[in-house]
Amino acid sequence: MTAPLLQARHLVKRYGRGARSVVAVDGVDFTLHRGEILGIVGESGSGKSTLGRILLKLTAPTSGEVWLDGSRVDRLSERAFRPYRRTIQAVFQQPQAAFDPRWTVRRSIEEFHLLRGEPRSGAAATIEALAREVRLDPALLDRLPGQVSGGQLQRLSIARALAARPALLVLDEPTSALDVSIRAQIVRLLLALRDEERLTYVLISHDMEVIRAMATRVAVMRHGVWVEEGPAERVLGAPAHPYTKKLLAAADAGMDLIRPGRGR
Ligand SMILES: Nc1ncnc2c1ncn2[C@@H]1O[C@H](COP(=O)(O)OP(=O)(O)OP(=O)(O)O)[C@@H](O)[C@H]1O
């Protein structure tokens, strides 16, 4: 068996101090192997995004460890972490955040590509190939972010993440801002890319349908704690924890019990 791609060891994140502090992540442990899709579900405020941000090194854990590709990375300086920025990339709910509204999407992807240390020569061909990878006409690259649809912009943000040739994508509510009809297309695209690019995903979603369609493993998070974790079929088909049962029943009844927060 190959070494795990990602490991979390007893991660804790506390925001603030004293009586008013919030423990957003409360002792999370897991090991993720290549090719897996780990779905993380839980109500709004359960700590899913905070966990994703710790993995991406966008926020530091209060305690605990993150191991990427066999190396401990949570204590590294930004400079020392730079090579790992290629390994782990993110796709967020609002694709607009990945693009400068004044630039063509080509320029935003190109800048990102250069930031990742890729040479300028060949960048244009690479970026057009990336557009095709996400099943878009490269002509769209010359538009501003406001001149493409939400679904197209999410595809472009996936292309931007792929520009780094990552091994792992943290997908934080990647379909939640999209129309229902577009969601299925993005799910199909992400599944196809996982196979084509041998990717591994951490998938944060409040949408049980998306989790059902994609996850190979599911973790259920409540108040910062993983109350249940296991193979997707088992957790979704025969949940053991009462909270998981409650979430699944709410999803079956069409209730949006775990709607994600917006605008943070
Ligand atoms: N920067 C911050 N400062 C203080 N508290 C925060 C901060 N970010 C998140 N929190 C708090 O930490 C807890 C977990 O939030 P988090 O956004 O990780 O949950 P979530 O499960 O992703 O929620 P949602 O689905 O609504 O995005 C919440 O109580 C939230 O209010």
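Guide: Let us begin with burial: a residue is buried if 20 or more other C-beta atoms lie within 10 Å of its own, exposed if 12 or fewer, and partly exposed in between, with the C-beta atoms placed from the backbone. Helices (H or I, at least four residues) and strands (E, at least two) are DSSP runs, numbered from the N terminus. This is a predicted model, in which local features need pLDDT of at least 70 and side-chain atom pairs count only at pLDDT 80 or more, while totals for chains, interfaces and linings use all residues. Residues are numbered from 1 along each chain as its sequence is written.

Visitor: Which residues of helix H9 are buried?

Guide: An α-helix has 3.6 residues a turn, so residues three or four places apart point the same way. In helix H9 (residues 242-252), the buried residues are Thr 244, Leu 247 and Ala 251. Seen down the axis of H9, they fall within an arc of 65 degrees (taken from the directions from the helix axis to the C-beta atoms), so they line one face of the helix. The face turned away from this buried side carries Pro 242, Ala 249 and Asp 252, which are exposed.

Visitor: What covers the buried residues of H9?

Guide: Two residues are in contact if their C-beta atoms, placed from the backbone, lie within 7 Å. The elements covering the buried residues of H9 include strand S3 (37-41), helix H7 (208-214), strand S9 (217-222), strand S10 (225-231) and helix H8 (232-237).

Visitor: Which residues of S9 are buried on each side?

Guide: In a regular strand the side chains alternate between the two faces of the sheet. In S9, Arg 217, Ala 219 and Met 221 are buried on one side, and Val 218, Val 220 and Arg 222 are buried on the other. Six of the six residues of S9 are buried, so this strand is largely enclosed by the rest of the structure.

Visitor: How many bridges join S9 to S10?

Guide: Two strands pair if DSSP finds at least two bridges between them. S9 and S10 run antiparallel and are joined by six bridges, and Met 221 has Trp 226 in S10 as its bridge partner. These two strands form a hairpin with two residues between them, and His 223 in the turn has a positive phi of about 45 degrees. S3 and S9, by contrast, pair in the parallel sense over four bridges, with Arg 217 in S9 as the bridge partner of Leu 38.
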